[in-house]
Amino acid sequence: PAPGLVPVLKINRRDHQSANDMARELRKLTHVESDKPLNYEQTFGLLSTLKIVIIFREFPRNVKGYAFYCKIFNYRVVFVNNMTNVLDLIFPLLHETIHAVSDGALAYDQEEEDFCDSVAGSAQFPNEYVELVYNTIRGRKESHQINYLKDFSRKNTHSIFGIAEQLKKMGVSFDLKVAGADANLRKEFPCIGDILFENEDPKCYVDNLKTLTPLFFDIVSQQINNVTIRKIGEWLGLESSLDAKEVIEEWRRFINCN
């Protein structure tokens, strides 16, 4: 079916103020506290609110991206790489959201890419939070600064690299070497595919898919009795993950109970 009306945010200028304004509007839709960074659950919720369809896939090894935006039959779609750590996923999801809601061109445009980065960074990390982090670490030894960044990142589920980049934008003069600490912190958190395919249990998978991508879940639900098990398996990318027949049986139970 046609997607119907979808929210669009028109951009007159691609400048710093416009980026901050758009980031503020996106954060309002998540109802997140003004001094808290966005987590991945809130970010997925934002995409659903904006009627952006999320499709999970394991990307080919030679594709290094975390997510990408496209249109399919006028639906705004973001494909997400299952292998992406949840700490790394928030920023690219927000970046692709800007492409979608601004109805930007699908051809590569460096100015638009830079603008989307700016909005995504401000949406994920509000000024109040960045200033709190800065006031906590300034004047300390570099090793202590990195440890504090790691603590903030662990508590608020974001990458150390992400908050370090926002500190640079504030004009902070130091240049911390955070790559090692960032890589170590990622080991404490799962990939989004690990969450999606929790326990390799069809019921968990159906529940998680419904929670993380309700629009895609509804689209598949409308067609689940009209296509083959093999085709549903292809739609869901289940070839090497779960038994498609068991997933569909669980899916139908869910539909019948609701």
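Visitor: Let's start with E131, what's its relative accessible area?
Guide: E131 has a relative accessible area of 40% and is therefore partly exposed, where buried means under 20%, exposed means over 50% and partly exposed lies in between, with a 1.4 Å probe and protein chains only. This is a predicted model, in which local features need pLDDT of at least 70 and side-chain atom pairs count only at pLDDT 80 or more, while totals for chains, interfaces and linings use all residues. Residues are numbered from 1 along each chain as its sequence is written, and side-chain values use heavy atoms, without hydrogens or water.

Visitor: And which helix is E131 in?
Guide: E131 belongs to helix α5, which covers residues 127-137; helices (H or I, at least four residues) and strands (E, at least two) are DSSP runs, numbered from the N terminus.

Visitor: Switching topic, how many disulfides are there?
Guide: The count is zero, taking a disulfide as a pair of cysteine sulfur atoms within 2.5 Å. For C70, the nearest cysteine sulfur is that of C116, 15 Å away.

Visitor: Is C70 buried or exposed?
Guide: C70 is buried, at 16% relative accessible area. C257 is also in no disulfide, as the nearest cysteine sulfur, in C204, is 16 Å away, and C257 is exposed at 68%.

Visitor: What about H31, where does it lie?
Guide: H31 sits in the loop between α1 (16-30) and α2 (40-49), and its phi is positive, near 60 degrees, although H31 is not a glycine. Most residues other than glycine have a negative phi.
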